[in-house]
Amino acid sequence: MSASRIAIGGMHVLAKLPLPLLRGLGKWIGRALFVVAGQRRRIALRNLELCFPEVPAAQRKAWAKESFEVFCQTFLDRSWLWFGSEALVRSRVKLIGATHELEGDTPTIVFAPHFYSMDAGGLALPLNTEREFTSIFATNPDPDLDAWFMNGRQRFGNVKMLNRADGVKPIISCVRKGGLLYLLPDMDYGKNDSVFVPFFAVENTATIPSLSRFARLGKAKVVALYNRMTPEGYVAELTPAWENFPTDDHVADTARMNRELQAAIMTMVPQYYWVHKRFKTRPDGEPSLYSGK
């Protein structure tokens, strides 16, 4: 039996633990990981330094430590999110905010940035709407893990997973038919198709403009879903549809997307995905921001 299958089997066991106990275990693992995972710790600290140069180093370190704890807690929570009963998930995952935006069949794109709670939000929507719900994925090289991720994310509602490698056409087709597209475009996906726009204190941040382009091609409105871990589980907050979006300027739209994200991050800084090299891609001629990290 592979290590992945053993780990997934362990998740079945963890799903039965009381939430406070599971969260305590995740916090302990996160603290240990902050010590031993030197490269990821340095990346998180560097990201926070780049984004918040005016914040004291001690505060940035405290945010980074808590970020590792939340990362591990939300990972272990996938046990009950993906193996627990529907009643259990509904009792712990709450959808709030502008839920009226899910009514009808207007093509809708849900901007769902990389907060660690994104998989909880990915279940909150299909649990609260009968509309077709589409998300984009990249295949995991481990077939056991890939199957676990796919099955977990499709366990409720009418969910359709689209492979990023299949291109734009099936994505736009689903949107135009009146579906919901769950889009996570806030990572560094390399220079291809990216534009450089501000993100916090980093003036030139490589960002893919897919939110603007998909909204324009799909004639879709855009809402945001910000997912927060709480002591009781998760809260997924849906925003009203963004006004005057998209425009004919995909660069300006992408800069706005980053501003909207910044405002959300400021309400829960440690819960954002700081362990990713968000600023890896630089404009031609600019040095790396992660030298030695």
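Helix α3 (residues 38-51) packs on α4, their axes coming within 9 Å and crossing at roughly 130°. Axes here are lines fitted to C-alpha atoms, for helices over the stretch in contact, and angles run from 0 to 180 degrees between N-to-C directions. Helices are DSSP runs of H or I with at least four residues, strands are runs of E with at least two, and both are numbered from the N terminus. That angle makes α3 oblique to α4. Angles under 35 degrees count as roughly parallel, over 145 as roughly antiparallel, 65 to 115 as roughly perpendicular, and the rest as oblique. The crossing of α3 past α4 is right-handed. The term means that the near helix is turned clockwise from the far one; left-handed means anticlockwise, by less than a right angle.

This is a predicted model: local features need pLDDT of at least 70, side-chain atom pairs count only at pLDDT 80 or more, and totals for chains, interfaces and linings use all residues. Residues are numbered from 1 along each chain as its sequence is written, and side-chain values use heavy atoms, with hydrogens and water left out.

Which residues of α3 and α4 make the contact? From α3 come R40, R41, A44, L45, L48 and E49; from α4 come R60, K61, W63, A64 and F68. Contact means heavy atoms within 4.5 Å. By class, this contact of α3 with α4 has six nonpolar, no polar and five charged residues. Ala, Val, Leu, Ile, Met, Phe, Trp, Tyr, Cys and Pro count as nonpolar, Asp, Glu, Lys and Arg as charged, and the others, Gly among them, as polar.

α4 also packs on α7, at an angle of about 55° with the axes 9 Å apart. The two helices are therefore oblique to each other. α4 passes α7 in a left-handed crossing. F75, R78, W82 and F83 of α4 touch W148, F149, G152 and R153 of α7. Five residues of the contact of α4 with α7 are nonpolar, one is polar and two are charged.

α7 has a further partner. The axes of α1 (residues 3-14) and α7 come within 8 Å and cross at roughly 30°. That makes α1 roughly parallel to α7. The crossing is right-handed. S4, R5, I8 and M11 in α1 meet D144, L145 and W148 in α7. This contact of α1 with α7 has four nonpolar, one polar and two charged residues.

The largest pocket holds about 1400 Å³. A pocket is an open set of points on a 1 Å grid over the protein atoms alone, where a 1.4 Å probe fits, with protein on both sides within 12 Å along at least five of seven lines; lining residues have an atom within 4 Å of a point. Its volume is the space filled by probe spheres set on the points, which are joined across faces, edges and corners. Of the 47 lining residues, H114, I136, A138, R164 and Y189 are the closest to the pocket's centre. Elements giving two or more residues to this lining include α4 (57-83), α7 (143-153) and β3 (133-137). The lining has 28 nonpolar, 11 polar and eight charged residues.

Two backbone details remain. A cis peptide bond joins F245 and P246, with omega about 0°. P246 sits in the loop between β9 (233-238) and α10 (250-265). D193 is not a glycine, yet has a positive phi of about 70°. D193 lies in the loop between β5 and β6 (195-199).
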